[in-house]
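Me: I would like to learn how to read a protein model, feature by feature. Could you take me through one slowly, with the general idea before each case?

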Amino acid sequence: MVGCVVLNFNDSKTTIELLNRMKNMKSIDMIVVVDNCSTDDSFSVLKQYTSKKIQVIQSEKNGGYGYGNNCGISFLKKNFDCDYILIANPDVIFEENVIQKMKDAFDEETVIVNWFVSLFLHRISAGAGTIA
């Protein structure tokens, strides 16, 4: 099972765009959106996207990027039997085959993979378009 953490802070629009791209990906089994104590209406807007595949939670405090992602990782570990946990920033763009390539690159042990958007943006800015 592959879980994905998406951290949101005051940018539900970009987060929703990512959810719309990921919700039909068969290689991702569960998505948890962590609202990092947004000061706008992001949490209530994102809650509307809750489904069998998408869970929306709110961190107890805005403790920064690491804290918010750790909340999502803890939620996935506690509630789902994930073999892999990915972290995707809301503004990242990738194709579904990237998930399988990443799974193939790791052994069968549970692995937590950190995806930093800068790696993808570098490839995109180099003219590669979306990550394939």
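The dialogue below goes from the overall fold to single residues.

Me: Before we start, what kind of model is this, and which rules apply to it?

Reply: This is a predicted model, in which local features need pLDDT of at least 70 and side-chain atom pairs count only at pLDDT 80 or more, while totals for chains, interfaces and linings use all residues. Residues are numbered from 1 along each chain as its sequence is written, and side-chain values use heavy atoms, with hydrogens and water left out.

Me: How many helices and strands are there, and in what pattern do they follow one another?

Reply: Helices (H or I, at least four residues) and strands (E, at least two) are taken as DSSP runs and numbered from the N terminus. By that reading the protein has 5 helices and 5 strands, and along the sequence they follow the pattern β-α-β-α-β-α-β-α-β-α.

Me: What share of the residues is buried?

Reply: A residue is called buried under 20% relative accessible area, exposed over 50%, and partly exposed in between, using a 1.4 Å probe and protein chains only. Here buried residues make up 44% of the 132 residues. In helix α1, which covers residues 12-22, the buried ones are Ser-12, Thr-14, Thr-15, Ile-16, Leu-18, Leu-19 and Met-22. Among the elements that cover them are β1 (2-8), β2 (30-35), α2 (42-47) and β3 (54-58).

Me: Which residues touch the most other members of the largest nonpolar core?

Reply: A nonpolar core is a set of buried Ala, Val, Leu, Ile, Met, Phe, Trp, Tyr and Cys residues joined through side-chain atoms within 4.5 Å. The largest such core has 23 residues, of which Cys-4, Met-22, Ile-28, Ile-31, Val-33 and Phe-94 touch the most other members. At least two residues come from each of β1, α1, β2, α2, β3, β4 (84-87) and α4 (97-105), and α1 gives the most, with 4 residues. A second, separate core of 12 residues includes Val-5, Met-30, Val-34 and Phe-75.

Me: Where does the salt bridge lie, and how is it to be read?

Reply: Side chains of opposite charge can pair when their charged atoms come close. The rule asks for a side-chain nitrogen of Lys or Arg within 4 Å of a carboxyl oxygen of Asp or Glu, and by this rule the count comes to 1 salt bridge. Glu-17 pairs with Lys-13, their closest N and O atoms being 3.6 Å apart. An α-helix has 3.6 residues a turn, so residues three or four places apart point the same way. Both Glu-17 and Lys-13 lie in helix α1, 4 residues apart, about one turn of the helix. Glu-17 is partly exposed, at 37% relative accessible area, whereas Lys-13 is exposed, at 59%.

Me: Which backbone nitrogens does the side chain of Asn-8 reach?

Reply: A polar contact is a pair of N or O atoms within 3.5 Å; within protein, one must be able to donate a hydrogen and the other to accept it, and residues adjacent in sequence count only if both atoms are side-chain atoms. Asn-8, in strand β1, is buried at 0% relative accessible area. Its side chain reaches the backbone nitrogen of Asp-11 at 3.4 Å and that of Ser-12 at 3.4 Å. The backbone nitrogen of Ser-12 also lies 3.5 Å from a polar atom of the side chain of Ser-42. Ser-42 belongs to helix α2 and is buried, at 0% relative accessible area. Contact in the wider sense means heavy atoms within 4.5 Å; leaving aside neighbours within four places in sequence, Ser-42 is in contact with Asn-8, Asn-10, Asp-11, Ser-12 and Asp-35.

Me: What should I notice about phi at Asn-10 and Cys-37?

Reply: Most residues other than glycine have a negative phi, and most peptide bonds are trans. Asn-10, in the loop between β1 and α1, has a positive phi of about 55° although it is not a glycine. Cys-37, in the loop between β2 and α2, likewise has a positive phi, near 55°.

Me: How many disulfides are there?

Reply: A disulfide is a pair of cysteine sulfur atoms within 2.5 Å, and by this rule the count comes to 0 disulfides. For Cys-37, the nearest cysteine sulfur, that of Cys-71, is 8.6 Å away. The sulfur of Cys-82 is 10.0 Å from the closest cysteine sulfur, in Cys-4, which is too far for a bond. Cys-37 is partly exposed, at 23% relative accessibility, and Cys-82 is buried, at 9% relative accessible area.
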